[in-house]
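Hi everyone, thanks for coming. Let me put the model up, and then we can walk through it together.

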Amino acid sequence: MSATPDFRSDDLIYDWNEIGRKGRLIPRDVTFFDETLRDGLQNPSVADPNIEQKLRLIHLMSKIGIHVADIGLPGSSKRAFDDVLRMCREITDNRLPLGVACAGRTVVSDITPMIEISQRAGIPVEVYCFIGSSPIRQLAEDWDLDTIVKRSAEAIDVAVKAGLPVAYVTEDTTRSRPDMLATLFKMAIDHGASRLCLCDTVGHATPDGVRNLISFTKAIIAGHGADGKVRIDWHGHNDRGLALENALWALEFGADRVHGTALGIGERVGNAAMELILLNLKLLGLLEHQDLTHMLEYCNTAAEAVGWQIPINYPLVGRDAFRTATGVHAAAIIKAQGKGDAWLADRIYSGVPAGMFGRKQEICVGYMSGASNVNFWLRQRRIEPSKELVEAILKKAKGSSHILSDEEILAVVDEVNGR
Ligand SMILES: CC(C)[C@@](O)(CC(=O)O)C(=O)O
């Protein structure tokens with residue numbers, strides 16, 4: 001039997017995915033940290049969103065169940081400061097169930113604006129302060145470990161003294177040496193950080209690396225007497241195309257919170273895609289009570305805000321995610337719908353049930369289509385599928401090198417019926 005509650009008890013879908021999962025299920029209380037409005041906006045090809053677009057995104061994040069959003073670097077400019085303050089006020093004014101974090105270097109002048117904003121907006125801004133920890137970064141920056149420890153401790157102290165929660169972020173964690181990480185993690189715990197954020201800044205990690213690093217970090221936390229007090233975040237990039245996989249494994253291996261961005265937009269090739277993290281956890285049977293029907297709106301809003309198009313073949317939110325023109329596929333979906341079985345129709349040719357995410361199966365008409373596609377298309381629009389009409393549309397489709405657009409089909413309808 002499958003652990004996935006979505007599956008029907010008559011085992012119509014045998015679930016090979018579930019074999020051996022027992023005992024290594026992702027815990028149900030994992031949390032999500034949205035980086036769209038910070039790391040996302042560091043991508044070199046994004047348009048700079050205006051404040052209205054940012055506010056819409058904030059609302060949508062809270063709708064899809066994001067726990068904390070990183071909303072920018074308020075120390076970086078006046079505009080950044082104003083936008084962050086405005087977003088914090090939006091959250092408190094509307095009592096949105098969304099926590100806020102702000103990023104900054106481990107430099108006191110990056111942290112003081114966060115303290116000011118949290119006082120003015122009446123919201124505890126999570127201080128998300130980062131510093132490069134790998135030998136390669138240390139070489140480039142002329143830092144030694146003592147400098148990093150000193151700067152980090154100062155920054156954490158300022159935030160903790162102001163009563164703000166601190167996530168200590170070691171950039172390039174996945175290429176850092178264990179002895180140095182141990183020193184930095186213990187320092188951060190001693191100075192009152194409540195989270196250690198493990199970063200795959202350059203997309204270097206494989207799932208093995210994720211496992212090794214998380215178990216190492218857990219051992220340091222436990223050995224330092226901070227078990228249950230200090231939590232682990234995972235922040236990964238997609239340079240090897242592994243960001244999504246690594247994010248899911250990070251949760252499996254014991255990270256408490258995972259970072260992602262809408263559509264994976266971020267530095268270079270981006271971050272783990274938040275909608276795909278949520279999609280996968282939903283299909284693993286977690287997030288039962290999380291309503292994900294606003295996912296398309298979240299992705300569309302993010303795409304629009306940065307001036308990007310969602311790729312046609314993108315999972316879940318791409319135009320073709322639930323669309324087929326193929327005769328065999330369409331016929332099976334139509335037969336399932338003909339049985340009045342929406343559950344079946346939504347799964348027969350789809351590993352992701354469209355309805356669970358507020359989408360619908362779509363059938364279109366092209367050169368690989370059969371009569372059932374045309375029948376379905378016409379019925380859906382309440383047009384009587386007469387034999388003559390179906391044949392005329394199919395003829396047009398077979399002679400065409402592309403999927404017929406709605407306008408093209410309607411032109412045939414007019415031609416046949418209008419006479
Ligand atoms: C701040 C940090 C989490 C970073 O995003 C780096 C950064 O943007 O400076 C990363 O990927 O390591």
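Strand β6 (residues 195-200) and strand β7 (residues 231-236) pair in the parallel sense over six bridges; strands here are DSSP E runs of at least two residues, numbered from the N terminus, and a pair needs at least two DSSP bridges. Within that pairing, L196 has I232 of β7 as its bridge partner.

A quick word on the source: this is a predicted model, with local features needing pLDDT of at least 70 and side-chain atom pairs pLDDT 80 or more, while totals for chains, interfaces and linings use all residues. Residues are numbered from 1 along each chain as its sequence is written, and side-chain values use heavy atoms, without hydrogens and water.

Now zoom out. The strands form a closed barrel of eight, β1-β2-β3-β4-β5-β6-β7-β8, with parallel pairing. Neighbouring strands in this sheet are turned by 25° against each other on average, direction ignored, using axes fitted to C-alpha atoms and N-to-C angles from 0 to 180 degrees.

So, which residues are around the ligand? They are R38, D39, Q42, Y128, F130, V169, E171, C199, T201, H235 and H237, where near means a heavy atom within 4 Å.

Let's look at the polar contacts, meaning N or O pairs within 3.5 Å. The side chain of R38 places an N or O atom 2.8 Å from a ligand oxygen. For Q42, a polar side-chain atom is 3.0 Å from a ligand oxygen, and for T201 that distance is 2.5 Å. The protein buries 92% of the 320 Å² that the ligand exposes when taken alone, by Shrake-Rupley with a 1.4 Å probe.

Conventions
Helices (H or I, at least four residues) and strands (E, at least two) are DSSP runs, numbered from the N terminus. A polar contact is a pair of N or O atoms within 3.5 Å; within protein, one must be able to donate a hydrogen and the other to accept it, and residues adjacent in sequence count only if both atoms are side-chain atoms.
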